[in-house]
Amino acid sequence: MTLRKLWWWTSLIMLSFLLTSMFFHSAEGEQKQVWIRHGNKWDKDNSHGAIFNVYGQVSGATPSSALASRQSTFSQSLSTDQSSQIPLQASGVIEPWIHFSITGTRLDWFVRKPGAYAMKGASLTIESNTSVLVDFDGFGNLTNSENPDKSIQTFYGIEQPAAPIGQVSWIKASDLNSSDRFLIFSESSPSTTLDLWNLIFVSQSNSSCEYEDDAYITLTVQNLSTWIELGNNQLVDNK
Amino acid sequence: MKKLLILLAGAILLLPAFAFAGNPSPWPPIGTEVEVFQLEGDAWRSLGIGDPGAFARAFTSLPAVGDSNRQFWRIDFQNHASVAQWVRWSITGTRWDWFVRKPGCYAADCIGFTIASNYDVDILYAGFDDLLYQGTGGVTLTIPVWYATWNLGTPPPPASDEWIPAALMNGKDILIPDSEQLHQGLSAKLWNKICVQQSNSACEYEDDAVVVIELKRIKPWIDPETGYFRPLQ
């Protein structure tokens, strides 16, 4: 009696596993371990930087349905001979990615005397495999912390690296908000650096005080797939 | 001939007055110092890096990096300026010399004083007194002195309350509040009146006094002794 029960439960578990496996393979494919290269060795990649699925696994000489994925940017078919042709298709999706760095996100001026002063405040470097929109928001004159009606006139300049200060085109701070940059990258120019210059006019009428402006720069990656969760860098279907 | 010598030494000192407003940048600042350029006419002049006497210095901090497939990256950006209090003043003379031949009351427009600043300024007086006999013996050992702040070209009327006895000048604390007029510069004349009596012997008479200009807002990154930047350490 005990052996019969054991056999019955074992059969039930195996049947469930078989059905689940068949369904998984046919509908979603089988997710395989992805390996990432670090120097001269391979490590298991569990960071979800990439996923790899195999669909429609077959055995023997029976032609199978094609391996498939939802999106394809490249594909390849292989065959052995005419009599036993097994169509194989490898497909992959390369998602738009961005790597950026900015040398500083806070500028501190210490001013002893009235005058017009300028500095190269930050360098923004962007690498991507697609186009990127650089959007400036919230830029304005530096405002007196005690009297918001009083401010220091502020200008910015966005220039290529190594541009001398004499060639900087100064943009009124508030006008910078409508001076977005659309950067297009290609294999021949995969990165761009922009120097952010800052000019302030401290006038004789500016009282001794702290002056500040908070702003932000938004980088928007273009042509993103629907299965990248917005703003979270996870492989999630957003449909 | 009677000859009087009046000496007024106007020593101007800048005293530390720590008063903070807003949220000042930390000193030493975080981040990296960058080269600052100053516009002179149509040309830029480099102020270099690390000069405690520079008119302005700048630092950049809080770098950021991102590496992902995210669609949006928001980079918060902050620009902050800490403006120190400055003062520019001039005085037409710090020594006054009377030469008196006969007893009598005499008045003169002794000095002109201008001051400009970008915050409250305190004017303090110390050591003012009647002129003191400098020799030995003598009959009446002092010459009474009065002062008046008066911007007209003729002195205040002799009996006017504008005339303040010298000794009452001491401890006077004249606060000039921050104003647009102060930023552009205020001017004042200080009149001086002496009454030489018949009992004043022929001799030299003198008084030494001090006027102190106090800036009311010294930023923590300013060395109050020199007015320059504090060291970064």
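Because the model is predicted, local features need pLDDT of at least 70 and side-chain atom pairs count only at pLDDT 80 or more, while totals for chains, interfaces and linings use all residues. Residues are numbered from 1 along each chain as its sequence is written, and chains are lettered from A, with ligands numbered from 1, in the order in which they are written.

**Where the chains meet**

- On the chain A side, 61 residues are in contact with 54 residues of chain B; contact here is C-beta atoms, placed from the backbone, within 7 Å.
- The elements of chain A giving two or more residues to that side are β5 (98–102), β6 (106–111), β7, β10, β13 (191–202) and β14 (209–221); strands are DSSP runs of E, at least two residues, and helices are H or I runs of at least four, numbered from the N terminus.
- Top contributor is β14(A), with 13 residues.
- By type, the chain A side splits into 29 nonpolar, 21 polar and 11 charged residues; Ala, Val, Leu, Ile, Met, Phe, Trp, Tyr, Cys and Pro count as nonpolar, Asp, Glu, Lys and Arg as charged, and the others, Gly among them, as polar.
- β14(A) also pairs with β7 (residues 72–83) of chain B, antiparallel, over 12 bridges; strands pair if DSSP finds at least two bridges between them.
- Within that pairing, A:Tyr216 has B:Asp76 as its bridge partner.

**What's packed inside**

- The largest nonpolar core has 52 residues, and those with the most contacts inside it are A:Trp109, A:Val111, A:Ile200, A:Leu219, B:Ala56 and B:Ala81.
- A core here is a set of buried Ala, Val, Leu, Ile, Met, Phe, Trp, Tyr and Cys residues joined through C-beta atoms within 7 Å; buried means 20 or more other C-beta atoms within 10 Å, exposed means 12 or fewer, and partly exposed is in between, with C-beta atoms placed from the backbone.
- A:Trp109 touches A:Ile200, B:Ala56, B:Ala58, B:His80, B:Ala81 and B:Ser82, leaving aside residues up to four places away in sequence.
- A second, separate core of 18 residues includes B:Cys110, B:Trp146, B:Met169 and B:Trp191.

- Chain B has 2 helices and 18 strands, and 25% of its 233 residues count as buried.
- Its domain assignment, automatic or from a database, gives domain 1 (14–18 + 86–215) and domain 2 (25–81).
- Taken over C-alpha atoms, the centres of these two domains sit 47 Å apart.
- One open sheet of chain B runs β8-β9-β16-β13-β14, with antiparallel pairing.
- In chain B, β13 (residues 145–149) and β16 (residues 186–196) run antiparallel and are joined by 5 bridges, with B:Trp146 opposite B:Lys193.

- A:Ala162 isn't a glycine, yet its phi is positive, near 75°; it lies in the loop between β10 (151–159) and β11 (171–172) of chain A.
- A:Ala162 counts as exposed because it has 8 C-beta neighbours inside 10 Å.
- B:Leu62 is another non-glycine with a positive phi, about 55°, and its place is the loop between β5 (56–61) and β6 (64–68) of chain B.
- B:Leu62 has 16 C-beta neighbours inside 10 Å, so it counts as partly exposed.

Note on methods
Two residues are in contact if their C-beta atoms, placed from the backbone, lie within 7 Å.
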